[in-house]
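User: Hi! I'm new to reading protein structures. Could you walk me through this one?

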Amino acid sequence: MQIATTPNQDGRALLRAVVQSLEPDRLTQADIAVIDEIIDVQAHGGMRVKGCDLARELRRNKFMGVVCILNGSTGEVVQRLARVPGVDFVFEKGAELTEISSTLLAAHQQLLAERRAAGIARALHRLGGF
């Protein structure tokens with residue numbers, strides 16, 4: 001389900017330009033991305049970028065880590081953000097840092113375990129079709 005409000009075309013173009021300028025193929029990927037839902041970009045005329053749109057752009061650029069959005073809203077807005085494709089977790093800005101960090105670290109450990117298991121399965125398959 002899409003969130004009803006999305007950034008204007010200039011905001012989307014800015015997101016693409018920023019992500020592409022980072023040359024993702026040459027950078028070491030982060031394990032966890034923590035993104036504010038409302039990002040004011042002062043250098044571009046006070047334009048606002050939504051964190052959920054940045055999360056989508058990261059996924060389109062093959063980001064494989066854990067994505068977390070921090071939001072100042074509560075209730076229904078947080079639930080809608082949690083359903084956005086590419087977003088793994090949404091926390092209210094007032095959430096305890098210990099809760100956020102333990103949740104994100106556990107998710108990261110699970111992701112690593114899944115990658116290891118997939119790598120082992122591929123290696124066994126190459127060795128003899130296990």
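Analyst: Happy to! Let's begin with a term: contact means heavy atoms within 4.5 Å. Keep in mind that this is a predicted model.

User: In what order do the 3 strands of the open sheet stand?

Analyst: The pairing in this open sheet is parallel. Strand 1 (32-36) and strand 5 (89-92) stand at the edges with a single partner strand each, so one side of each has no neighbour in the sheet. From one strand to the next, the twist averages 25°. The order is 1-4-5.

User: Which residue is the bridge partner of I69 in strand 5?

Analyst: Strand 4 covers residues 66-71 and pairs with strand 5 in the parallel sense, over 4 bridges. In strand 5, the partner of I69 is V90.

User: At about what angle does helix 4 run to strand 5?

Analyst: Helix 4 spans residues 97-128 and lies across strand 1, strand 4 and strand 5. Angles here run from 0 to 180 degrees between N-to-C directions. For helix 4 and strand 5, the angle is about 175°.

User: Is F63 buried or exposed?

Analyst: F63 sits in the loop between helix 2 and strand 4. Leaving aside neighbours within four places in sequence, its contacts include I32, A33 and L58. Buried means under 20% relative accessible area. F63 has 8% relative accessibility, so it counts as buried.

User: How far apart in space are F63 and A33, C-alpha to C-alpha?

Analyst: In sequence, F63 and A33 are 30 residues apart. The two residues are in contact. Their C-alpha to C-alpha distance is 9.4 Å.

Methods. Residues numbered from 1 in each chain as written. Predicted model: local features only at pLDDT ≥ 70, side-chain atom pairs only at ≥ 80, totals over all residues. Heavy atoms only, no water. Pairing = 2+ DSSP bridges. Helix = DSSP H or I, 4+ residues; strand = E, 2+ residues; numbered from the N terminus. Buried < 20%, exposed > 50% of the residue type's maximum accessible area, 1.4 Å probe, protein only.
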